[in-house]
Amino acid sequence: MFGSTETLAERKNINMIAQITKTSFTCELVTIHSKRSFAELTSRIESTFQYYDANTLRVLTAEGDTEKLAAYVKKVGEPTEFAIFFCLDQGSTQRLAGAPLESRFYLFGNATIAQGLFKYSARAGLGAPVRFCVSQKDGEDARIDIDLPTSFFSQFPEMRDSPVPQELDDRMIPLLRKIAS
């Protein structure tokens, strides 16, 4: 229990059970500027990448058939090998609040490739699937922002031997740049 009735012994016990550590790291943000409109960019993204069906992923995982799961991931990832796990339109809500912008973020990746992250650390879930944001303020050019995967995953020393962050850099950034061009 927290609050004024908490005893000194209870506070010490809480501190022993739930400790907090903080790790500083430097993350590189990649911004891809585009002359395309927000609507054009999101349309190109959503025609380039298919959506994973969360229920299908859940069922295939529960079945435990890795070959079936890999086949589904491959099919949905065609032709880029990447697909969208989730997207959220933040701009419409922000416009209601008076912010003159469009903004949508996506979680995308490849569930099979991600194994090369998770085998090093469960904390890979903080960056896999990879998140990127498409936005445009009224009167400005649209943009795509993404944390560079090698930079983001550098905060986890146990992942330094994984080749996946570099693979994500090498494959995702050019795909997004092509979409923005």
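This is a predicted model: local features need pLDDT of at least 70, side-chain atom pairs count only at pLDDT 80 or more; totals for chains, interfaces and linings use all residues.
C27 takes part in no disulfide, since the nearest cysteine sulfur, which belongs to C133, is 14 Å away, beyond the 2.5 Å cut-off. C133 is likewise in no disulfide, and the cysteine sulfur nearest to C133, that of C87, lies 11 Å away.

As for solvent, C27 has a relative accessibility of 30% and therefore counts as partly exposed, the class that falls between the buried limit of under 20% and the exposed limit of over 50%.

## Strand β3 and its partners

Strand β3, which spans residues 101-109, is mostly covered, with seven of its nine residues buried. On one side of the pairing scheme is strand β2, residues 83-89, which runs antiparallel to β3 and is joined to β3 by six bridges. Within this pair of strands, D89 stands opposite R104 of β3.

Strand β3 also pairs with strand β4, residues 130-137, again in the antiparallel sense and over eight bridges. Here L107 has R131 of β4 as its bridge partner. As background for reading these strands, side chains in a regular strand alternate between the two faces of the sheet.

## T42 in helix α2

T42 belongs to helix α2, which covers residues 38-48. With a relative accessible area of 5%, T42 is classed as buried, because the limit for that class is under 20%. Once neighbours within four places in sequence are set aside, T42 is in contact with R104, Y106 and V134.

## Q155 in the loop between α7 and α8

Q155 sits in the loop that links α7 (149-153) with α8 (164-180). Although placed in a loop, Q155 is buried, its relative accessible area being 16%, which meets the requirement of under 20%.

Two kinds of neighbour can be described for this residue. The side chain of Q155 reaches the backbone oxygen of F152 at a distance of 3.2 Å, and, leaving aside residues within four places in sequence, Q155 is in contact with T23 and F25.

Technical notes: Residues are numbered from 1 along each chain as its sequence is written. Side-chain values use heavy atoms; hydrogens and water are left out. Buried means under 20% relative accessible area, exposed over 50%, partly exposed in between (1.4 Å probe, protein chains only). Helices (H or I, at least four residues) and strands (E, at least two) are DSSP runs, numbered from the N terminus. Two strands pair if DSSP finds at least two bridges between them. A polar contact is a pair of N or O atoms within 3.5 Å; within protein, one must be able to donate a hydrogen and the other to accept it, and residues adjacent in sequence count only if both atoms are side-chain atoms. Contact means heavy atoms within 4.5 Å.
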